2 protein chains.
Amino acid sequence: MPEFDLIKQYFASATALDDSVLLGIGDDAAVLQVPENKQLVVAADSLVAGIHFPHNTSGYDIGHKALAVNLSDLAAMGAQPKWFTLAISAPPLPPSWWQEFTCAISNLAKQHQIMLIGGDTTASPVLTISIQILGLVAKNQFMRRDLAKIGDIICVSANLGDAGLGLAVVQKLVQLSNQHEKLVIQKLNTPIARVELGQKLVKLGVKCAIDISDGLAADLGHILDSSGVGASVFLAQLPLSASLRTQPIESAWQFAVASGDDYELCFTVAADKLKLFQANLIDYYPIGRIESQLGLRFFNENNELWTCSRMGYEHFT
Amino acid sequence: MPEFDLIKQYFASATALDDSVLLGIGDDAAVLQVPENKQLVVAADSLVAGIHFPHNTSGYDIGHKALAVNLSDLAAMGAQPKWFTLAISAPPLPPSWWQEFTCAISNLAKQHQIMLIGGDTTASPVLTISIQILGLVAKNQFMRRDLAKIGDIICVSANLGDAGLGLAVVQKLVQLSNQHEKLVIQKLNTPIARVELGQKLVKLGVKCAIDISDGLAADLGHILDSSGVGASVFLAQLPLSASLRTQPIESAWQFAVASGDDYELCFTVAADKLKLFQANLIDYYPIGRIESQLGLRFFNENNELWTCSRMGYEHFT
């Protein structure tokens with residue numbers, strides 16, 4: 001298909017990044033050399049038009065997000081991304097769409113020095129992008145969901161809720177100033193995976209992390225379920241952007257707690273490690289603590305139990 | 001989603017197959033130990049309802065084929081399959097469908113001793129299954145498309161064209177006896193990937209292979225293009241099943257040459273290696289030879305140049 005030729009063309013230069021790819025795009029499979037002192041980390045995430053993004057989203061934004069959500073999975077492990085495959089099922093689309101799409105993926109791939117090693121382009125009535133990403137960690141040096149310990153401080157890497165606010169703007173449920181609208185839509189469409197941060201956290205001894213794709217409540221919920229613990233989160237400590245602070249505070253908390261697509265990291269760490277973060281210039285926002293009492297509790301600024309009316313506390317991986 | 005719970009449940013036992021999986025389904029990514037003396041082989045293939053299989057195909061057949069086509073990619077490399085991820089985008093389907101689907105994948109995974117290590121289930125109006133498979137080869141011991149040498153004998157692993165005939169039966173373009181119909185539809189819906197054969201061929205020194213997914217003409221064409229050579233194929237030497245031989249010979253050749261979904265291997269090998277195949281009890285069917293003159297030529301039983309009227313000589317990977 002001419003589309004895959006276009007993609008190959010864009011990535012032709014990228015295949016020379018290093019000598020780990022013994023056989024790249026164009027055969028039945030790719031052949032890779034995994035360094036002897038490393039372990040392989042593998043994640044796969046799909047985006048479907050009309051489900052994960054509105055049908056009128058640009059090719060650039062779709063391409064960026066498809067790769068970014070996979071990078072974010074590796075960030076949550078503390079892995080270094082290395083290679084990816086790209087399966088696209090698509091209806092007929094104009095060449096300009098394919099150019100935008102491949103440009104976005106190519107830009108992000110270059111930025112993270114990762115290589116496209118294979119893929120598949122097929123016809124479909126519904127645009128579906130399925131990426132599988134492969135990365136590396138030093139032996140047994142990775143973060144996981146099931147290692148939160150009672151007493152750990154729960155931290156997030158940056159502002160929450162902006163992408164959810166962006167979606168509300170796109171859906172015309174909320175109106176903001178032009179500048180704020182631009183910022184939050186950018187957060188929604190071109191999220192930044194915290195790849196470097198993830199690797200730094202592992203080096204500093206952080207054992208437990210997840211990326212926030214389905215909202216803090218749902219994703220912190222995964223950590224709690226997997227670790228067999230509970231948590232209290234203090235809403236006044238949630239980092240909120242100036243854009244989100246334009247909203248009534250209850251509404252801002254709802255966006256921060258229950259809306260997805262932030263792709264920040266949520267991690268738990270023993271309190272005595274926090275000074276290491278400061279020494280290593282790592283931005284972190286402590287928002288709560290891990291407790292023995294099961295369940296996830298939110299407290300408002302008066303220390304009253306708070307219930308999120310929009311909370312979509314889902315349990316799937 | 002409850003569907004992925006079902007899939008996890010089916011595969012829960014499979015995760016204990018060996019200790020290569022340090023972290024399996026249920027985290028942001030899987031973590032794998034690749035043996036130090038091996039290289040990693042990666043392929044990805046998607047199936048879309050209405051494109052790769054008729055909408056009324058059973059869950060069992062879809063599950064089987066989705067994994068089999070990926071196994072076939074590794075077979076063509078001579079790799080040992082080890083792990084796979086499964087991304088499903090699906091409309092609402094009854095529990096019985098999911099049971100059949102997971103049963104087929106689980107059966108095939110057990111048969112090849114491969115492990116599901118992650119995945120993603122999302123809603124979509126169109127059923128799309130995207131699998132990425134990971135396997136192993138000994139260092140630099142794999143087959144590729146671009147190493148066909150002038151003088152090599154072109155071989156295929158078994159009968160060609162049955163799956164194409166099966167599709168013609170499903171589409172009611174051809175009618176056969178019940179027994180033949182059953183056989184060729186089985187070939188279409190539950191193909192067998194030549195995984196063991198691929199590994200044996202590598203051990204015997206075969207350097208150049210492809211799996212026949214788009215038809216002999218298209219896939220041998222990929223070998224020729226990649227290797228910068230041409231070929232002559234002698235139609236009288238094509239292995240044809242009794243089912244296909246029920247058709248007029250011209251039509252049988254067309255099925256064997258131009259229809260896809262056979263998932264047999266096509267490989268090229270120096271003539272003096274063929275005696276090794278016999279000694280190692282490998283079934284092979286020599287069908288032609290690699291030549292310096294570019295292009296792919298077919299000759300009928302009278303050694304006359306033959307053109308396939310249905311030939312869809314495609315050039316994509």
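The two chains of this predicted model meet through the same surface, because 100% of the interface residues of chain B are also interface residues in chain A. The contact involves 58 residues of chain B and 58 residues of chain A.

Chain B is superposed on chain A by a rotation of 180° with 0.0 Å of shift along its axis, at an RMSD of 0.0 Å. The two copies are therefore related as by a two-fold rotation axis. Within chain B, the C-alpha of Glu36(B) is the one nearest the axis, at 2.7 Å from it.

Which elements of chain B each supply at least two residues of the side that touches chain A? Helix H2 (59–77) does so, and the strands that do are S1 (21–23), S2 (30–32), S3 (38–48), S4 (80–90), S5 (115–123), S6 (128–138) and S8 (208–211). The largest share comes from S3(B), with 10 residues. By residue type, this side of chain B divides into 29 nonpolar, 17 polar and 12 charged residues.

Strand pairing also crosses from one chain to the other. Strand S3 of chain A, residues 38–48, runs antiparallel to S2(B), and 3 bridges join them. Leu40(A), for example, has Leu32(B) in S2(B) as its bridge partner.

Within chain A, 7 strands form an open sheet of mixed pairing, in the order S8-S10-S7-S11-S9-S12-S13. The edges are held by strand S8 (208–211) and strand S13 (305–306), each with a single partner strand, so one side of each is left without a neighbour in the sheet. Strands of a sheet pair through backbone hydrogen bonds, in either a parallel or an antiparallel sense. The antiparallel sense is seen for strand S7 (residues 153–156) and strand S11 (residues 285–291) of chain A, which pair over 4 bridges. In this pairing, Ile153(A) stands opposite Arg289(A) of S11(A).

Definitions and conventions. Residues are numbered from 1 along each chain as its sequence is written. Chains are lettered from A and ligands numbered from 1 in the order in which they are written. This is a predicted model: local features need pLDDT of at least 70, side-chain atom pairs count only at pLDDT 80 or more; totals for chains, interfaces and linings use all residues. Side-chain values use heavy atoms; hydrogens and water are left out. Copies are superposed by least squares on the C-alpha atoms of residues with pLDDT of at least 70 in both. Contact means heavy atoms within 4.5 Å. Ala, Val, Leu, Ile, Met, Phe, Trp, Tyr, Cys and Pro count as nonpolar, Asp, Glu, Lys and Arg as charged, and the others, Gly among them, as polar. Two strands pair if DSSP finds at least two bridges between them.
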